[in-house]
Amino acid sequence: MNSADKQIRNFSIIAHIDHGKSTLADRFLELTGTVDARHMRAQYLDRMDLERERGITIKLKPIQMQYKGYTLNLIDTPGHVDFTYEVSRSLAAVEGVILIVDATQGVEAQTVANLYLALQQDLQIIPVMNKIDLPNADVPRVRQELAQLIGVDPESILAVSAKTGEGVEAVLERIIAEVPAPKGTLDAPTQALIFDSYFDDYRGVISSVRVVNGAIRSNEDIRFLATKTQTKALEVGHFGMEFQPKPEIKAGEIGYIVTGLRDIEKAKVGDTISTTKSVATALPGYQAMKPMVFAALYCQSGDEFERLREGIEKLKLNDAALDYIPEHSPALGFGFRCGFLGMLHMEVVEQRLKREFGISVIVSAPSVAYRITTTNKETKDYANPMDWPEANHIVKVEEPWMSVTVVSPNDWIGPVMQAVTDRRGVYKTTEYLEGGRLVLHYEVPLSSLISDFHDTLKSVSQGYASLNYDYLGFREADVTRLDIHVAEEMVDALTMIVNSDEAYREGRRVVDTLKDILPRQQFELKIQALIGGKVIASSRIAPLRKDVTAKLYGGDVTRKRKLLEKQKKGKKRMKTMGRVSIPADAYIKLLRR
């Protein structure tokens, strides 16, 4: 049987955010001569402007390197908890992983989460300790901590500095020695798993694939097994610094296929590509990602709706975790209710729409999906607070809960535990790591995590605590709908679901925040927070006063009085008819508690 090339090594780099994945990838590119010194720049694989500005990886990046007669296919992955889905997709395309830990920070929450992802896929793990050049690196402690976590001999952990290049060559040698060669066969029916895709205006959908069995040739007729779509592979090849076209990509290889498809729904991530001649079965794809945070995106300009639709469709192809359905608001017009994996994911989608498609959007207050059972025994999930049934028709409301892992040094354990308890967290267990660090396990409602919990945690621990969370299930909740009215009109985008105990405090916060940030009008502006039609908090913004009597010089005082009365009537009429446009930054300020 004709097996896959034994000189291929497919591997990924996984780690907690900011532990040096992209910098290590830079050194690999230099060592293997993939990028020459003239063109080298820091975080070379982070192509998106947003990634370079924030210093984080958002999208997985594949690249092929040649080293000592071996073909090394690397996939660089994100580290933030919101992009775990990108990591899990990368791991399905490789046989081994480099697990990096920062020698100054030690094991963190995402280190543990990513390790479990790799173990589930039964991948070869190469533990690496990075940043040993820093003066505050604690090599013996972190080596012991990592060895304890993985269950290996501490001496087998490689110590490197991705910044200076020290020890990096040993990592490449270990990959060749320990990561198994791919197992596929060239004679079997063709199967290629799509692990990423993006849309090119000139060439249509370009899919990133791992060929498991068989081969796909340029200009060959191919089919997508899930969507039953047939097309031609206009071009196939490998990922170099640019696309590198080849006559074919074979079993065991990672590459790309230019499909020419214009309908992006026909080339979904997780689908299997085969040739029309092969009788192949679909590979196990990816478990559909469940959105955790929901918010509506509206155009700032009403005539941009079609552009917004097109932008979201193209982002969806490149970001399989994004969900959306059309929505209409009387105040904000047409838009989309989108599902995100977390607040950072929401922020990134908003920024990508602005940069890549030139669309500025208004984002509504984020919420989670609540499960409601009504009096007619119907149970349904509601992501939009505006769609909730009337209060007298609701029998039971349930909300999603998360299993939360917090890794923190012992010094900050009090403030960290207090921060989680304040968010209605239920304590479960504690584990002890080497060097006075603890792993705390909690169960917390998702609604308590989505606004600014990550920032709070970093603040109370002076940046040392780290967080990871996984979905647990639905539990009964005591919540209510909070409506916000401005100038006697309901603002749909500010309607939110809050815990009954916190309803007054949250209503007061929103009213006071709006009072500070809304511009004054020619008429008195009323701001109110209501629950079930009852006002629980209110405020007012005094009107701007124009001196209508300035042009009067002397004369009878009644002339002034007449003008002031006329002005009073005008303001009264404006109060009943006036409409207020809430600036986009007001919504953003309200999201930050």
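This is a predicted model: local features need pLDDT of at least 70, side-chain atom pairs count only at pLDDT 80 or more; totals for chains, interfaces and linings use all residues.
Let's start with Arg9. Arg9 sits in strand 1, which covers residues 8-15.

Is Arg9 buried or exposed? Arg9 is buried, because its relative accessible area is 8% and the cut-off for buried is under 20%.

What does the side chain of Arg9 meet? Take the polar atoms. The backbone oxygen of Lys6 lies 2.9 Å from a polar atom of the Arg9 side chain. The backbone oxygen of Ile176 also has a polar atom of that side chain at 3.1 Å.

Two packed helices are described by an angle and a distance, both taken between their axes. Here helix 1 is residues 21-31 and helix 6 is residues 168-178. Their angle is about 80° and their axes are 10 Å apart. So helix 1 is roughly perpendicular to helix 6, because angles from 65 to 115 degrees count that way.

By type, the contact of helix 1 with helix 6 has seven nonpolar residues, two charged and no polar.

Next, the sheets. In general, strands of a sheet pair through backbone hydrogen bonds, and the pairing is either parallel or antiparallel.

Strand 10, residues 221-224, pairs with strand 11 in the antiparallel sense over four bridges. Arg223 has Gln230 in strand 11 as its bridge partner.

Another open sheet has four strands, in the order 18-19-17-20, again with antiparallel pairing. Its edges are strand 18, residues 323-329, and strand 20, residues 361-363. Each of these has a single partner strand, so one side is left without a neighbour in the sheet. From one strand to the next, the twist averages 30°.

How many bridges join strand 17 to strand 20? Three, and the two strands run antiparallel. Strand 17 is residues 293-299. Opposite Ile362 in strand 20 stands Tyr298.

Last topic: backbone angles in two loops. Lys68 is not a glycine, yet it has a positive phi of about 50°. Lys68 lies in the loop between strand 2, residues 61-67, and strand 3, residues 70-76. Lys68 counts as exposed, because its relative accessibility is 55% and exposed means over 50%.

Then Arg424. Arg424 is not a glycine either, and its phi is positive at about 65°. Where is Arg424 found? In the loop between helix 9, residues 413-422, and strand 24, residues 426-433. Arg424 is partly exposed, with a relative accessible area of 26%.

How values were computed:
Residues are numbered from 1 along each chain as its sequence is written. Side-chain values use heavy atoms; hydrogens and water are left out. Buried means under 20% relative accessible area, exposed over 50%, partly exposed in between (1.4 Å probe, protein chains only). Two strands pair if DSSP finds at least two bridges between them. Axes are lines fitted to C-alpha atoms, for helices over the stretch in contact, and angles run from 0 to 180 degrees between N-to-C directions. Angles under 35 degrees count as roughly parallel, over 145 as roughly antiparallel, 65 to 115 as roughly perpendicular and the rest as oblique. Ala, Val, Leu, Ile, Met, Phe, Trp, Tyr, Cys and Pro count as nonpolar, Asp, Glu, Lys and Arg as charged, and the others, Gly among them, as polar. A polar contact is a pair of N or O atoms within 3.5 Å; within protein, one must be able to donate a hydrogen and the other to accept it, and residues adjacent in sequence count only if both atoms are side-chain atoms.
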